[in-house]
Amino acid sequence: YHIFNAYSVWQNSKTLELTTEEKSEIDKWYKDKFEDIPDNQYQGLFKDKNLILIQVESLENFVINEKVEDKEITPNLNKLLANSIYFPNINEQVNEGTSSDSDLMTNTSIYPLRQGSTFFNYPNNTYNSLPLLLEEMGYETLAIHPDKGAFWNWMEGLKGVGFKKCIDSHDFEIDEVIGLGLSDASYFRQIVPILKKQNQPFYSFMVTLTSHGPFDLPKEYKELNLSEDLNNNVLGGYFESVHYTDKQIGLFLQNLEAEGLLNNTVVAITGDHTGVHKYYNDQVQKLESPDPKWLNVDNHIPFIIYDKSFEEPQKLEVTGGQIDLMPTLAYLMGINEISYNSTVMGRNLLKTEKDYSILTNKDFVGTSVDMKEHSIKALEISDKIIKSNYFEKDDNN
Ligand code: GP9
Ligand code: MN
């Protein structure tokens, strides 16, 4: 795929010149999205705090608060919910760039290209991104991946998105490998001193790896004692992998606490895309005695925003997508809405009367059917934004 992509990059990545009509079309699209709603208690709720955003590989929402053989699959994430704002109805919206599309969308609120990987084709684009907006407020910004920066060209892509610093596998001691690379256990352990060295306030975006398919965790790390039916099915492997990563997140938070970092740090957790249902659904459906919930393909990843001192846990059922994460976080972090209202393609899920999301295959989900046409149009608009490097020119925004 990467070789094919290299060819299409060479062919495609010329900057598109937009016509006057196309520019006003984009303008109109943003105007039609705008909702004039008064501010609420969430505005600036986490202002001046550090932000760590953990993008967990293949984390689906259905494992949250779910048990298998009477054991919680994600006990640590479940515990966090007591001090979190939790969105269970966030739809995956990645396209051909899978993980890297999530890196892009989560930090810029722009949909990825309809064809090819955005980071390979347009790594040097300018975006009005979460790291840049936070940097303007004095934040130090850092993106961390456990894999090589050339993978999906994410290193160049995330620099383009606006992270001041990006670190990859070269900055880690590869002392334990599981599946595709450095184990989450080692990765999280090594990140703590890196974060300690950051000037505060900081925003660190970090991506995990171990829960990547084929969900084949070494035996010694399997803790769930699954039935034979599950153990022989990829879903069992998925539960074990997610349980393992959940455990590492728990330890990571303990370490942050021990370093005194948790008092002034918000930890947001999400998935980069769905996992076992995205790539192995045919096998999941073959389970002999499944819990019916496990067969449901809902396309949902969790979005959890945890702050130790937040004591009014919220579970907000609004339908949204990955495109909405950035404006939602920006609102909580107290970034002035005027500085991003006309660039983000998603909505602030804490200040919206709409309930919808558009999937990558153009399926519309949610109850705000009045937004159907507008949200389908978004995919075409974002292609124009990316291909023209729309936010580079001052006269456009
Ligand atoms: C790359 C890793 C895998 O960072 O998360 O990417 P994927 O194969 O899921 O696109
Ligand atoms: Mn991925």
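This is a predicted model: local features need pLDDT of at least 70, side-chain atom pairs count only at pLDDT 80 or more; totals for chains, interfaces and linings use all residues.
Residues are numbered from 1 along each chain as its sequence is written, chains are lettered from A and ligands numbered from 1 in the order in which they are written, and side-chain values use heavy atoms, with hydrogens and water left out.

**The ligand site**

Begin by selecting ligand 1 together with the residues that surround it, namely Glu57, Thr98, Ser99, His145, Asp147, Phe151, Trp152, Leu209, His212 and His273; a residue counts here if one of its heavy atoms lies within 4 Å of the molecule. Show the polar contacts next, a polar contact being a pair of N or O atoms within 3.5 Å, where within protein one atom must be able to donate a hydrogen and the other to accept it, and residues adjacent in sequence count only if both atoms are side-chain atoms. A polar side-chain atom of Thr98 lies 2.6 Å from an oxygen atom of ligand 1, one of His212 lies 2.7 Å from an oxygen atom of the ligand, and one of His145 lies 3.3 Å from an oxygen atom of the ligand. Taken alone, ligand 1 exposes 300 Å², of which the protein buries 93%, with accessible areas taken from the Shrake-Rupley method with a 1.4 Å probe and, for residues, only the protein chains shown counting as cover.

Keep Trp152 selected from the ligand's surroundings, and turn to its backbone, where phi is positive at about 60 degrees although the residue is not a glycine. Trp152 lies in the loop between β5 (140-144) and α7 (154-161), where helices (H or I, at least four residues) and strands (E, at least two) are DSSP runs numbered from the N terminus. The residue is buried, with a relative accessible area of 10%; buried means under 20%, exposed over 50%, and partly exposed in between, with a 1.4 Å probe and protein chains only.

Select Ser58 next, which also has a positive phi, of about 55 degrees, without being a glycine. Ser58 sits in the loop between β1 (50-56) and β2 (67-68), and is buried at a relative accessible area of 1%.

Most residues other than glycine have a negative phi, and most peptide bonds are trans. With that in mind, move to Pro201, in the loop between α8 and β9 (202-207), where the peptide bond from Gln200 is cis, with omega near -5 degrees. A further cis bond runs from Gly213 to Pro214, with omega near 5 degrees, and Pro214 is placed in the loop between β9 and α9 (228-231).

**A side chain meeting the backbone**

Select Asn83, in the loop between α3 (75-80) and β4 (84-91), which counts as buried at 18% relative accessibility. A polar atom of the Asn83 side chain lies 3.0 Å from the backbone oxygen of Phe310.

**Salt bridges**

The structure holds 21 salt bridges, each defined as a side-chain nitrogen of Lys or Arg within 4 Å of a carboxyl oxygen of Asp or Glu. Select Lys196 and Glu259, whose closest N and O atoms are 3.0 Å apart. This pair links distant parts of the chain, 63 residues apart, with Lys196 in helix α8 (residues 184-197) and Glu259 in the loop between α10 (234-258) and β10 (265-271). Lys196 is partly exposed at a relative accessible area of 48%, and Glu259 is likewise partly exposed at 38%.

Go on to Arg347 and Asp324, whose side chains meet in a salt bridge at 3.6 Å, N to O. Arg347 is in the loop between α13 (325-332) and β14 (356-358), and Asp324, 23 residues apart from it, is in the loop between β13 (320-321) and α13. Arg347 counts as buried at 5% relative accessibility, and Asp324 is buried at 3%.

Now select Lys351 and Glu337, which form a salt bridge at 3.0 Å, N to O; each lies in the loop between α13 and β14, and they are 14 residues apart. Both of these residues are buried.

Finish by selecting Glu22, Glu25, Lys377, Glu380 and Lys384 together, which are linked in a network of salt bridges.
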